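Work through these exercises with the sequence and the 3D view side by side. Try each task before reading its solution.

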Amino acid sequence: ADLAAGPGDPTERGGFVGLIQRRRSKPLIAAVEGLAIGGGLELILCCDLVVASREAIFRLPEVKRGLVPNFGGVFRICRMLPPNVVRELLLLGDDLTAERAERLGFVNAICEPGAALAEAPVLAQRIVANAPVAVREVLALVNEEVSGDETASWERNDAAFARVLATDDLREGISAFFEHRPPLWSGR
């Protein structure tokens, strides 16, 4: 999503960017090189496995702009990382390195810079070597246990986002970002 232009229109099957609320029967593997910031990290949270370059950085900086993650990041990251790490990412907007993400169980495999896109299919080949029906059923069971019904989570997320959209802090955070200056928060 572009901070100035917004995320665009949601798709019928997948919500924003075609993936955020999409139900899938096939595993999805994220290949991460460089920065996965805001919506980029939220897209990774839609995936089943993660391959990351040693130089990959994960960040949810929305609070630094007067926003909240709006693509499910707040409730999905709670399922992937320990609570205090989640609070650190969401309240500080700081970086999570690939090495730390792997230690915490968020990244499945780390590779050398430039190799993530080549390494992700290696995991995919290992998956497709297994029985397709069993893979599909296991994925459905795991995702139901991990995600369950997200209806209430999306309702809370949308309500929080609507409250934030009405604030002076949002306008200040975005202005400060584009003007390359620290924001002057009013708390309104």
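**Exercise 1: Into the core**

Find the residues that isoleucine 44 touches, leaving out residues up to four places away in sequence.

*Solution.* Contact means heavy atoms within 4.5 Å. Isoleucine 44 touches Ala30, Val32, Ala36, Val50, Phe58 and Phe106. A word on the source: this is a predicted model, where local features need pLDDT of at least 70 and side-chain atom pairs count only at pLDDT 80 or more, while totals for chains, interfaces and linings use all residues. Residues are numbered from 1 along each chain as its sequence is written, and side-chain values use heavy atoms, with hydrogens and water left out.

Next, widen the view. A nonpolar core is a set of buried Ala, Val, Leu, Ile, Met, Phe, Trp, Tyr and Cys residues joined through side-chain atoms within 4.5 Å. Buried means under 20% relative accessible area, exposed over 50%, and partly exposed in between (1.4 Å probe, protein chains only). The largest nonpolar core has 24 residues. Ile44 is among those with the most contacts inside it, as are Val32 and Phe58. Two or more residues come from each of strand S1 (29-32), helix H1 (39-44), strand S3 (49-53), helix H3 (83-92) and helix H4 (98-103). Helices (H or I, at least four residues) and strands (E, at least two) are DSSP runs, numbered from the N terminus. H3 gives the largest share of this core, 4 residues. A second, separate core has 8 residues, including Ile29 and Ala116.

**Exercise 2: The faces of H3**

Which residues of H3 are buried?

*Solution.* They are Val85, Val86, Leu89 and Leu90. Look down the axis of H3: these buried residues fall within an arc of 120° (taken from the directions from the helix axis to the C-beta atoms), so they line one face of the helix. On the other side of H3, Pro83, Asn84 and Leu91 are exposed. Now check the cover. Helix H2 (73-80), strand S5 (96-97) and H4 are among what covers the buried residues of H3. Finally, step past the helix end. Glycine 93 follows H3, and its phi is positive, near 70°.

**Exercise 3: Alanine 52**

Is alanine 52 buried or exposed?

*Solution.* Start with its place: alanine 52 is in strand S3. Its relative accessibility is 0%, so alanine 52 counts as buried. Then list its partners. Beyond four places in sequence, alanine 52 touches Val32, Phe58, Ala98, Val107, Ala109, Ile110 and Cys111. Now pick out alanine 116. It lies 64 residues from alanine 52 along the chain, yet their C-alpha atoms are separated by 5.7 Å.

**Exercise 4: Cysteines**

*Solution.* A disulfide is a pair of cysteine sulfur atoms within 2.5 Å. The closest cysteine sulfur to that of cysteine 47 belongs to cysteine 46, 6.5 Å away, which is too far for a bond. A search of the whole structure finds 0 disulfides. Cysteine 47 is buried, at 13% relative accessible area. Cysteine 78 is partly exposed, at 45%.

**Exercise 5: A polar contact**

Which side chain makes a polar contact of 2.9 Å with that of asparagine 70?

*Solution.* Look in the loop between strand S4 (57-59) and H2, where asparagine 70 lies. Asparagine 70 is buried, with a relative accessible area of 16%. The side chain that it joins is that of asparagine 157. A polar contact is a pair of N or O atoms within 3.5 Å; within protein, one must be able to donate a hydrogen and the other to accept it, and residues adjacent in sequence count only if both atoms are side-chain atoms.
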